Structure formats: structure tokens, C-alpha cells
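Take a walk through this structure, one part at a time. Keep the sequence at hand as you go.

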Amino acid sequence: MALSKIFKWNPLLRKHIATGFLTLTVLAVISLRIINYNMYPWISRRPLSGRSVLRYDRLQPLRDMFENASKVKDIGQRSNHEGTGKTKVTLSDLQEVNNKVSVLLLVIVTTAPSRYERREAIRATWWKNCDGIEVKCKFFTDGLQLSEEQERELSTEQKTHGDIEFMALEVTRVFGIRFLLQIMWAKAKFDFAYMLHMDDDYFLCMERLKAELYQRPRKTLVWGSYHCSFQDLIYVDEAWILFTSDVIERFLAQDPHSILCHPHSDQQIAFWLSSLYGNKTNLIEFDDRRLHHFPPARELDIFNNVSRVCDSYLGVHGSSPEMIRNFWRNSGDGARLIKRSLTLTRITETCHFPNVFNISLFDRPPYQFELRPCIANPRWTPNEGMWLGTHQGKVEVQEVSRQG
């Protein structure tokens with residue numbers, strides 16, 4: 001009662017109190033914006049309307065190519081272990097959406113259908129740091145010519161975890177075409193600042209990577225482990241490559257009818273970079289020696305009992321499922337705030353050869369193949385099954401099993 005009389009007879013006081021409330025409201029809003037920017041700075045780039053600009057209608061011929069591949073008819077009968085072109089799993093939708101999801105980092109892990117143990121090891125470890133807010137993580141595997149048993153198992157796995165995308169491809173050496181499909185899907189569904197493309201036998205120090213991304217370049221960045229053994233064959237290995245969004249956009253700006261593919265995605269990517277960026281002086285090519293690439297970690301005793309692996313490495317390639325679980329138990333990969341400036345070693349600093357890639361110098365098997373138009377959905381090794389990579393210095397592939 002007394003307060004109401006004071007307010008009634010003292011309009012100046014009412015004005016001061018109203019002004020004070022308004023000031024506090026403004027300060028609270030500004031504080032929340034600052035907190036949100038510090039925690040999630042990429043959010044400021046989201047369109048205010050919540051709708052994304054559709055940019056990739058011109059890729060429809062490539063979408064049609066993948067769609068047609070998924071419509072291959074069954075011929076004859078198959079056993080529980082024989083594959084067919086037709087599939088019961090739900091293949092990835094490459095159609096671009098208006099309401100793209102904004103994330104700092106999109107992680108795409110290429111995995112063969114049979115690599116269940118690798119996927120489970122990843123899910124039990126660093127995959128837990130894919131929070132869906134800063135980071136979104138997806139497995140990509142082949143969805144065509146699967147056996148009935150594989151279809152059942154993969155369908156169950158997808159229903160359980162919901163983290164697998166199935167490609168309209170079969171299990172053979174077409175890593176370049178897989179990469180094309182993956183970046184088409186990424187740009188159709190997400191507004192990301194960075195995209196990491198990696199193998200399923202990599203242990204990743206996710207928290208360290210996330211913390212570093214806030215200080216890394218936001219444009220023209222290609223980050224990975226580079227090959228520098230031969231002159232004019234300088235390229236980043238396909239097992240772990242991180243790109244800024246604009247580089248992926250540049251890849252997809254190529255004419256869908258003439259863009260060229262290769263069975264090995266690292267050769268394809270190196271060719272694209274050379275074709276699109278010329279001498280590449282405008283590119284930031286980060287050769288990160290904290291990525292252990294070769295020999296595979298599972299062949300080296302030094303990784304058997306290593307502790308706090310993330311103190312020395314950002315990622316470890318060639319890790320067995322058991323090693324991935326062991327690394328995780330004492331990885332040293334906790335949430336961190338990086339206040340010091342970070343080192344960025346360009347390939348021009350780490351390699352004694354000029355930064356040149358000439359694909360014609362791959363002149364012998366098993367890596368020598370001609371580039372072919374992606375639109376033709378080409379196959380270079382039709383009788384070959386799963387590519388097993390290099391083990392103990394030898395290249396291994398799994399031949400396609402034939403049942404009579």
C-alpha cells in the first residue's frame with residue numbers, strides 16, 4: 001500500500017525503475033549472446049529465417065546417376081550369402097533440404113558393411129563426444145549387393161544406433177565415387193564449418209580437435225597427413241582429411257557431366273585441388289605430424305601400452321578395435337580451452353619437394369588407374385571385393401566370392 005502511494009505520487013521514481021528494468025533486460029540478452037557465441041560461435045552464421053539457400057540443383061544429373069544405380073533388378077535366385085543389386089536397407093537421400101542443420105564439424109566415417117566390430121569400438125569411445133550440437137557424426141557404408149544376412153544385421157544395427165547412411169554402391173574399390181556421394185549428402189543436409197572425412201580404423205582425439213577448430217582457418221583449409229616421398233606426387237592421404245566448407249563447395253561447383261573420379265579418393269581429391277586451385281598458393285594445406293598414418297598402429301609395439309595418447313597425437317590410424325578401446329581408457333582427451341596460439345605447418349614447410357601433384361606419375365599397380373567421368377558411375381576393378389589396404393608393406397584385397 002505504501003509502495004503504491006510512493007509510485008503514484010513520484011513519477012520520476014517510476015521512470016527510473018522502468019529504465020532500470022529495461023537496462024537489466026538488455027544486459028541479460030547481451031550476456032546470453034556473448035555466452036552463446038563463445039560456446040557455439042558457428043551459430044551466428046545461421047540464416048535468421050531458419051531456411052537454407054538451395055544451391056545444388058545443378059547436381060541433379062549425379063543424383064539421378066546414384067538413384068538409377070539403386071534400381072538394379074534382381075536376376076535369378078540368391079542364397080543367404082549371395083549379393084544382389086536390389087537392397088532392403090534405406091539408401092541415403094541426396095535431395096537438398098531447406099532446413100539444413102548447422103554444426104561446427106560434420107564427421108563422415110567410411111566403413112565396409114562387415115566392419116561391425118570397428119564401428120562398435122568407435123561408438124564405445126570417441127564417438128560419445130559427437131554431441132549433435134557442435135559435432136554430428138555419421139558412418140557411411142555400401143548398401144548394394146548385400147547378402148540377406150548382411151541386410152538383416154545392418155538394418156538391426158541402424159535401428160539400434162541410427163548413425164549409418166547407406167550408399168547406392170557395392171563393396172569394391174570406388175573410394176572416389178563414395179567421396180563424391182558423401183560430400184553431396186553433406187551439403188544437401190548440413191550447414192557446417194568443417195567436414196572431416198576419415199577411415200573406420202582411426203582413433204580420434206575429438207575434444208582436442210573441437211577445441212582447436214575455434215582457432216583454425218575458416219576458409220581454404222585442407223588438413224591431414226601428406227605424402228611427400230616422390231617429386232610431383234605430393235598429396236594428402238584419404239584416411240583423415242578435414243576441409244573447410246568452402247573447399248567442399250568448390251568441389252561441387254564442377255560440371256556434373258565432366259567431373260572426374262578415381263578409385264582412390266586421395267588421388268581424386270589431389271587432382272581436383274590441382275585443377276581448381278592451380279598452384280594452390282591460395283590453399284592452406286596443413287600437414288599435421290600429430291596424425292599417425294603409417295605403418296598401421298596395430299603393427300607397432302609402441303602403441304600397445306601407450307597412455308594419454310592425445311597428449312602426443314590428434315589421431316592414430318591403423319588402430320584395431322581393441323586398441324581404440326585401450327586408447328580411450330586413458331586418452332587424456334578431456335574438454336579443454338586453448339589460450340595459446342596454435343602451430344600450423346604447411347606442406348610447403350614439411351616437404352622438400354615443390355607442392356605439385358601429377359597423377360600421370362602413378363604408373364604402376366595397384367594405384368595406377370585412369371580418371372573417368374563420375375556421371376558414368378565407372379568400375380575399375382569389377383572382380384574385386386573389399387579393399388583391405390596395406391598391411392605389413394603388402395597391398396591386400398578381398399576377392400569377390402562366387403558360388404555356383
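Which cysteine does a disulfide join to Cys205? The partner is Cys310, with an S to S distance of 2.0 Å. A disulfide here is a pair of cysteine sulfur atoms within 2.5 Å.

Before going further, a word on the source. This is a predicted model, in which local features need pLDDT of at least 70, side-chain atom pairs count only at pLDDT 80 or more, and totals for chains, interfaces and linings use all residues. Residues are numbered from 1 along each chain as its sequence is written, and side-chain values use heavy atoms, with hydrogens and water left out.

Back to the link of Cys205 and Cys310. The angle about its S-S bond is -95°, and the link is left-handed. Cys205 sits in the loop between strand S5 (202-204) and helix H7 (206-213), while Cys310 sits in the loop between strand S10 (291-292) and strand S11 (315-317), so the pair ties together parts that are 105 residues apart in sequence. Helices (H or I, at least four residues) and strands (E, at least two) are DSSP runs, numbered from the N terminus. Cys205 is buried, at a relative accessible area of 1%. Cys310 also counts as buried, at 0% relative accessibility. Buried means under 20% relative accessible area, exposed over 50%, and partly exposed in between (1.4 Å probe, protein chains only).

The structure holds 4 disulfides. Another one joins Cys228 to Cys351, S to S 1.9 Å. This link is right-handed, with 80° about the S-S bond. Cys228 lies in the loop between S6 and S7, and Cys351 in the loop between helix H11 (347-350) and strand S12 (372-373), so the pair ties together parts that are 123 residues apart in sequence. Cys351 counts as buried at 7% relative accessibility. Cys130 and Cys137 form a disulfide too, with sulfur atoms 2.0 Å apart. Their link is left-handed, at -80° about the S-S bond. Both cysteines, Cys130 and Cys137, are buried. Number the bonded cysteines of the protein chain in sequence order, and the pairing reads 1-2, 3-6, 4-7, 5-8.

Now turn to the sheets. Two strands pair if DSSP finds at least two bridges between them. Strand S1 (residues 101-110) and S4 run parallel, joined by 9 bridges. Val103 stands opposite Phe192 in S4.

Contact means heavy atoms within 4.5 Å. Axes are lines fitted to C-alpha atoms, for helices over the stretch in contact, and angles run from 0 to 180 degrees between N-to-C directions.

How do the helices meet one another? Helix H6 (residues 175-189) and helix H9 (residues 265-277) pack at about 65°, their axes 7 Å apart. On the H6 side, the contact includes Phe175, Phe179 and Ile183; on the H9 side, it includes Ile269 and Trp272. The axes of helix H4 (residues 116-123) and helix H5 (residues 148-161) come within 13 Å and cross at roughly 10°. H4 and H5 are therefore roughly parallel to each other, a term for angles under 35 degrees, with over 145 roughly antiparallel, 65 to 115 roughly perpendicular and the rest oblique. Tyr116, Arg119, Glu120 and Arg123 of H4 make this contact with Leu154, Glu157 and His161 of H5.

Helix H8 (residues 245-252) has 6 of its 8 residues buried, so it is largely enclosed by the rest of the structure. Those buried residues are Ser245, Asp246, Val247, Ile248, Phe251 and Leu252. Their cover includes H6, strand S4 (190-199), strand S6 (221-227), strand S7 (235-244) and H9.

A second open sheet has 3 strands, in the order S5-S11-S10, again with mixed pairing. S10 and S11 pair in the parallel sense over 2 bridges.
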